[in-house]
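Good morning, and thank you for coming. Please look at the sequence and the structure on the screen, and I shall then take you through them.

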Amino acid sequence: AVVSTQSTGTIEMCDTPKKIKTKINKHAFSGGKTSVEEHREHGGDTSVDVSYHYLRFFEPSDERLAQIKEQYESGVLLTGELKKLLIDNITEYVKEFQERRAMVTPDVLEKFMSRHPMDL
């Protein structure tokens, strides 16, 4: 079997915070403009911005998401700042998952996977 050594933008639940940051900064397509000045003037396009689309799933507050969208589309929030919001959000989510996963010992797994009588 051929194994690719080329990094992809796929965020995995075992990724470190540094790896998550690198993947998002390198691979997440932006709806921002080509220069800071142009972005400040015209704003970003949330309909194509990958970071914004991910935030739609990972940002728990609808009000905050609406604020982010308004700020990005108006040019107040820059692409790098939007990516940082996503990085922080996903990093926290993955960290919490990793902490919960670390509590699953072989004994816990065995108990979970064992047969249990059904009470009907």
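By salt bridge I mean a side-chain nitrogen of Lys or Arg within 4 Å of a carboxyl oxygen of Asp or Glu. In general, side chains of opposite charge can pair when their charged atoms come close. Why can K95 and E92 be separated by about one helical turn? Because K95 and E92 are three residues apart in helix α5.

Before I go further, a word on the source: this is a predicted model, in which local features need pLDDT of at least 70 and side-chain atom pairs count only at pLDDT 80 or more, while totals for chains, interfaces and linings use all residues. Residues are numbered from 1 along each chain as its sequence is written, and side-chain values use heavy atoms, with hydrogens and water left out.

Let us stay with K95. K95 also forms a salt bridge with E99, again with the closest N and O atoms 3.7 Å apart. K95 and E99 both lie in helix α5, four residues apart, which is about one turn of the helix. Through shared partners, the salt bridges join E92, K95 and E99 into one network.

How covered are these residues? I use three words here: buried means under 20% relative accessible area, exposed means over 50%, and partly exposed lies in between, with a 1.4 Å probe and protein chains only. K95 counts as partly exposed at 38% relative accessibility. E92 is partly exposed at 36%, and E99 is partly exposed at 44%.

Helix α5 holds another pair. The side chains of K84 and D88 meet in a salt bridge of 2.8 Å, N to O. Helix α5 covers residues 79-102, and K84 and D88 lie in it four residues apart, about one turn of the helix. K84 is partly exposed, with a relative accessible area of 47%, and D88 is partly exposed at 39%. A search of the whole structure finds four salt bridges.

I turn now to the whole protein. How many helices and strands are there in the protein? There are six helices and zero strands, and the pattern along the sequence is α-α-α-α-α-α. Helices (H or I, at least four residues) and strands (E, at least two) are DSSP runs, numbered from the N terminus.

As for overall dimensions, the C-alpha atoms fill a box of roughly 65 × 45 × 20 Å, taken along the principal axes. The protein has a radius of gyration of 19 Å, but a compact globule of 120 residues would have one near 14 Å. That radius is taken over C-alpha atoms, and the globule rule is 2.2 Å times the number of residues to the power 0.38. Of the 120 residues, 25% count as buried.

S51 has its place in helix α3, residues 50-58, and S51 is buried, with a relative accessible area of 1%. Which residues does S51 touch, not counting residues up to four places away in sequence? They are I24, A28, F29, L82, K83 and L86. Contact here means heavy atoms within 4.5 Å.

Leaving aside its neighbours within four places in sequence, T91 is in contact with P17 and I20. The C-alpha atoms of T91 and T16 are separated by 8.0 Å, although these residues are 75 residues apart along the chain. For the protein as a whole, among contacts between residues at least 6 apart in sequence, 56% join residues at least 24 apart.

Finally, consider F112. Is F112 buried or exposed? F112 is exposed, with a relative accessible area of 65%, and its place is in helix α6, residues 106-113. From C-alpha to C-alpha, F112 and F29 are 40 Å apart in space, and they are 83 residues apart in sequence. F29 is also one of the residues that S51 touches.

Thank you for your attention.
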